[in-house]
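Please keep the sequence and the coordinates in view while reading.

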Amino acid sequence: MRSDTTDRRISDDEMKRHALHVVDNIPAMVAYWDENEECVFVNGAYHEWFGKTRDELIGSRLQQLLGPLYEMNLPYIRAAYRGEVQVFERDIPTPGGAVRSSIATYTPDLAGDSVRGIIVHVADVTPLKVLERELRAAKAKAERLATHDFLTGLPNRALLMDRIDHAIAVARRKNEAVAILSIDLDDFKRINDTYGHVEGDRVLVEIAARLRSAVRESDTLARLGGDEFLALSVEITSHELIVRVVERLLQAVRQPIEFEGESYAPAISIGIALYPQNGMDAAELIDNSDRALYVAKKQGKNRHAFSDRPASGSVA
């Protein structure tokens, strides 16, 4: 018959085996490093992360395991051996060439006022980091869709209105002019009717790119919908300057676009309204540039016209 002591010893051994089994199957690295930074214990996750077995690691130094990561982790290691709990993030390369995002915790093993070792816990947070990046990308995409045209990537009406308001405020302080250019692609309906909307979208994307390349960096080109574009041109100091902007836009779109062996020569019409002559706010300027656009379209293709309507409240 076994004694109570024997039964207790067997129970303790079984408990240790179960504990080791549990720790080895935790999807995080767990280890103990003594006061000399020598390994006393590591769990099975170290083999997956670093490609080294427990027998290979026990008795080795922390610097041997971490390699280049050691210098990066050294401030946290030193603080832990001073008795301070450390929690930090670190990317760890794996033997297979992948990179794991981790959160490491260094917990001092205190004996009175002295530190006799540190307990290391390193959790894999790669899935959370991937999800975080995906959420950030989705948020950025949603924010961009709220302010940009989905087809061409140009600013939409909402963003444009904000920029016009800002441009007018700056122009008022500097006593400069601001130009609003309503731009319409001539005869675009025929493209959709003849070649279909897929090819029509291809034309719009190409025209948007050409127009964008023609405006100055300080200006804004927006798509309002369909084949309607609008440009905001700032710091207009002379009539000649806005004429040069218009000429660049007209020239930019003239290169033919090929359709199934046929050639389409795009053309645009432009209506221009100026702050403060033709309007004191965004809505009035856009309205008067649209009216000027109608005048330009009646003159033929690749034409432009300036608004002759005075701003509301001004003396004609």
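A nonpolar core is here a set of buried Ala, Val, Leu, Ile, Met, Phe, Trp, Tyr and Cys residues joined through side-chain atoms within 4.5 Å. In this predicted model, the largest such core comprises 34 residues, and Leu181, Ile183 and Leu249 have the most contacts inside it. Two or more residues of this core come from each of S6, helix H8 (188-195), H9, S8, H10, strand S9 (257-259) and S11. A second, separate core contains 27 residues, among them Ala31, Leu65, Ile77 and Ala104.

Leucine 181 may be examined in detail. Apart from neighbours within four places in sequence, leucine 181 is in contact with Phe229, Leu230, Ala231, Ser233, Ile242, Val245, Val246, Leu249, Ile270, Gly271 and Ile272.

The sheet comes next. Strands of a sheet pair through backbone hydrogen bonds, either parallel or antiparallel. Five strands in the order S7-S8-S6-S11-S12 form an open sheet with mixed pairing. From one strand to the next, the twist averages 20 degrees. S7 and S8 run antiparallel and are joined by five bridges; leucine 221 stands opposite alanine 231 in S8.

Two helices lie across strands of this sheet. H10 lies across S6, S8, S11 and S12 and runs at about 155 degrees to S11. Helix H11 (residues 282-298) also lies across S6, S8, S11 and S12, at about 145 degrees to S11.

H10 (residues 239-252) has 14 residues and reaches 20 Å from its first C-alpha to its last, close to the 20 Å expected at 1.5 Å a residue. Its buried residues are Leu241, Ile242, Val243, Val245, Val246, Leu249 and Leu250. The elements covering these buried residues include strand S6 (177-185), helix H9 (197-214), strand S8 (228-236), strand S11 (268-275) and strand S12 (304-306).

A final point concerns helix packing. Two packed helices are described by the angle between their axes and the distance between the axes. For H8 and H9, the axes come within 7 Å and cross at roughly 140 degrees. On the H8 side, Phe188, Ile191, Asn192 and Tyr195 meet His197, Glu199, Gly200, Val203 and Leu204 of H9. The residues of this contact divide into five nonpolar, three polar and one charged.

Definitions and conventions: Residues are numbered from 1 along each chain as its sequence is written. This is a predicted model: local features need pLDDT of at least 70, side-chain atom pairs count only at pLDDT 80 or more; totals for chains, interfaces and linings use all residues. Side-chain values use heavy atoms; hydrogens and water are left out. Helices (H or I, at least four residues) and strands (E, at least two) are DSSP runs, numbered from the N terminus. The expected span of a helix is 1.5 Å times one less than its number of residues. Buried means under 20% relative accessible area, exposed over 50%, partly exposed in between (1.4 Å probe, protein chains only). Contact means heavy atoms within 4.5 Å. Axes are lines fitted to C-alpha atoms, for helices over the stretch in contact, and angles run from 0 to 180 degrees between N-to-C directions. Ala, Val, Leu, Ile, Met, Phe, Trp, Tyr, Cys and Pro count as nonpolar, Asp, Glu, Lys and Arg as charged, and the others, Gly among them, as polar. Two strands pair if DSSP finds at least two bridges between them.
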